[in-house]
Amino acid sequence: MIYTVMALMGAGFSVVAHAASGKEIYAQHCARCHGDTGRGDGPAHTMQRPWPRDFTTGQYKFRSTPIGTLPMLQDVERTIANGIPRTSMSGYRKWLSAEEIRRVAEYTMDFSKASGVPDGAGQSVSVPGDLDAATPTASAVSTASPTSLNRSALTERLARGKKAYTKNCAVCHGNDGRGLGELAGQMRDTNGFLTNPVDLTDALGYGGGSNPSDIYRTLTTGIAGSPMPRFDAVLDDETRGDVAVYVASLQVAPAERTLVSREAWNKALPSRERGEYMTRAMSCALCHNAYDKSGEYYSEPYMAGGVAITIPGLGVFPTRNITSHPEDGLADWTEAQIARTITTGYAPDRRIEAFSMPWVYFSHLTDEDSKDIAAYVKKLTPIQNKVPMRVYEPIWKRIWGRLRQLVGLELGRLEYPPLSVGDRFMQTKGKSAGSEQRDE
Amino acid sequence: MSKRAPNKMLKKMPKKPNWMSPMITVGVVVLLVWVFSIWPGTTIMPAGMVKWRLDQSIPMTEPKNDWQARGKYLVTTAGCAMCHTPFSWIGPHHWKALQGGMRVRWDNELGERLALNLTPDPETGIGNWTEEDFITAMKSGLYPDGHAAHWQAMPWDMHSNWSLDDMRAMYRYLMALPPAKQPKSKPIRGPRPRSDTFYFGT
């Protein structure tokens, strides 16, 4: 009997030998992003947008409680189980049992207690029970039999919802719900990062749940720390219900989705923001951010270069400082020069080694995208960081190394002074970081 | 008559040794080694030749719909092939495009990681992954088997910036590649830089 229960619980996964405590689960699964102290500063947080939540502030996006109050334990459990798939926060339902999720949720919520945020969740808002009665997808409306749901009532409800949506939500989420409204590309979250309205046609895009009742709850309690307003005072209960039902009806199954057209995307977002999206996602910073001694890269100095990329047998290629610093960076380069460098390998002063920076892959970028990237790179905050030039092995050594390798011998590494840009940066951090540099 | 002609020529050959042809052969071989090896570095090769050579590391599969076209564009430009196509002194192994095997290495305790097979092979690749598995792996480094990849090996922290639709596009393109079985090789411990390694130093 007990074995059956265990087998069921561990279905498909290694059965945990002992029940792990919240702390252990957190250290194993969550600390790499949220940090040991819950500040959202884990070693992997640097390049993620949005940043992992800082639990010490007690601010949670997805609550059933009013804004400014702590969430219920169930709210946090739900987020951990389902994740926020549009961000790096994955759902842990697959890897943790309900019991483990409860423990880690409790542990997570303790961080804000420890930092002095008054304890105690707010009162859960009430959600009308009939909202989820029929999932009002567009197809359900057209095929529903009159007995299973009142079709004309639903149609009316959707019409009312649409009206309120167009009035209140379309500026950001766009008329079609794809997140490309007028204000897209202009909003920042509390960390100062670009945050775009969610594509409402994608059920996976909702962190707080995609059922009408979930949407109703999100509209009522708001999303803390984001520009998305709350609507409990703007829209009455009835209208919020209508909007929630309408928004849920916009959702399209993954298999039937269409891509946003490039024209709509280019029109909706400013060039620099499009460039930011491409630059971050294309991992430029994987090479152009400095690493510290332990091998982890810094959030600062962002894109200031200094990683020694070694091609054994060929040379050492330190990544360049591509911020717009006047002496060390690209202040004198035009956007066109940057775009040309990354797409053709022809920098103004030399040719880029294709094995150090893979410009051949970037050469497939459309003109539009490479211009956007250049526009973004050009506006990076200047950071002082002089990076030494690349060094090639002498040609005879390259051939000699090749021959040694052919017979299975080791390739020596080229003697190269350690860059340790990170250390240097840390000493001068106060001076070099950020905007003061601009004024000098 | 017609049978004799070749015999005549064969008889004449040894008398007039042609020094041109071996030299041409040597020349061609040198040129081939030059083109196919990385030792000269790419900056002294014509840019077009470099592009032609490195483009071989990107799969040639033709996209069949909008999604796959977008996916191909993203997989190409985001440089997945930089790490996921094996590479040695003869350059990228184009016959193994996106089948994994490139070594990513650091000077420090992170050591060496091997990029894995991205073709839809059910055993050694991502053939059994669902779209959501792929999105989770790309955005948070968490694989279906529960192990988490290091973000500086597989840069999922940067990839978490891709939108859900862009991830779907990549997945749909990768699933359209011809599946290939490619057993994982072993990381090498200790200082042994090789030319199939992408080497990050500090």
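How many residues of domain 1 of chain A are in contact with residues of domain 2 of chain A? There are 17 on the domain 1 side and 17 on the domain 2 side, where contact means heavy atoms within 4.5 Å. The model is predicted, so local features need pLDDT of at least 70 and side-chain atom pairs count only at pLDDT 80 or more, while totals for chains, interfaces and linings use all residues. Residues are numbered from 1 along each chain as its sequence is written, chains are lettered from A and ligands numbered from 1 in the order in which they are written, and side-chain values use heavy atoms, with hydrogens and water left out.

**Domains of chain A**

- Chain A is divided into domain 1 (2–115), domain 2 (138–263) and domain 3 (276–406); the bounds come from an automatic or database domain assignment.
- Domain 1 and domain 2 of chain A bury about 1500 Å² between them, with 61% of it on carbon and sulfur atoms; buried area is the accessible area (1.4 Å probe) that two parts lose on being put together, summed over both.
- Lys61(A), Ile67(A) and Arg86(A) supply 32% of the area that domain 1 of chain A buries against domain 2 of chain A, more than any other three residues.
- Between these two domains there are zero salt bridges, a salt bridge being a side-chain nitrogen of Lys or Arg within 4 Å of a carboxyl oxygen of Asp or Glu.
- Three residue pairs (both at pLDDT 80 or more) are in polar contact between domain 1 and domain 2 of chain A; this is a pair of N or O atoms within 3.5 Å, and within protein one must be able to donate a hydrogen and the other to accept it, with residues adjacent in sequence counting only if both atoms are side-chain atoms.

**Interface of chain B and chain A**

- Chain B brings 73 residues to the contact and chain A brings 81 residues.
- The area buried between chain B and chain A is about 6800 Å², and carbon and sulfur atoms give 61% of it.
- Four salt bridges are found across this interface.
- Asp165(B) forms a salt bridge with Arg257(A), in which the closest N and O atoms are 2.8 Å apart.
- Chain B and chain A have 23 residue pairs in polar contact (both at pLDDT 80 or more).
- On the side of chain B that touches chain A, the elements that each supply at least two residues include helix H3 (47–55), helix H4 (66–77) and strand E5 (197–201) of chain B; helices (H or I, at least four residues) and strands (E, at least two) are DSSP runs, numbered from the N terminus.
- The largest share of that side, seven residues, comes from H6(B).

**Helix H11 of chain A**

- In helix H11 (residues 271–281) of chain A, nine of the 11 residues are buried, where buried means under 20% relative accessible area, exposed over 50%, and partly exposed in between (1.4 Å probe, protein chains only).
- The cover over the buried residues of H11(A) includes helix H10 (262–268) of chain A and helix H8 (164–175) of chain B.
- Arg274(A) lies in this helix and counts as buried because its relative accessibility is 7%.
- Not counting residues up to four places away in sequence, Arg274(A) touches Trp265(A), Asn266(A), Leu269(A), Glu368(A) and Asp372(A).
- Ser283(A), which follows H11(A), has a positive phi, near 65 degrees.

**A loop residue of chain A**

- Asp41(A) is in the loop between helix H2 (22–34) and helix H3 (73–82) of chain A.
- Asp41(A) is partly exposed, with a relative accessible area of 40%.
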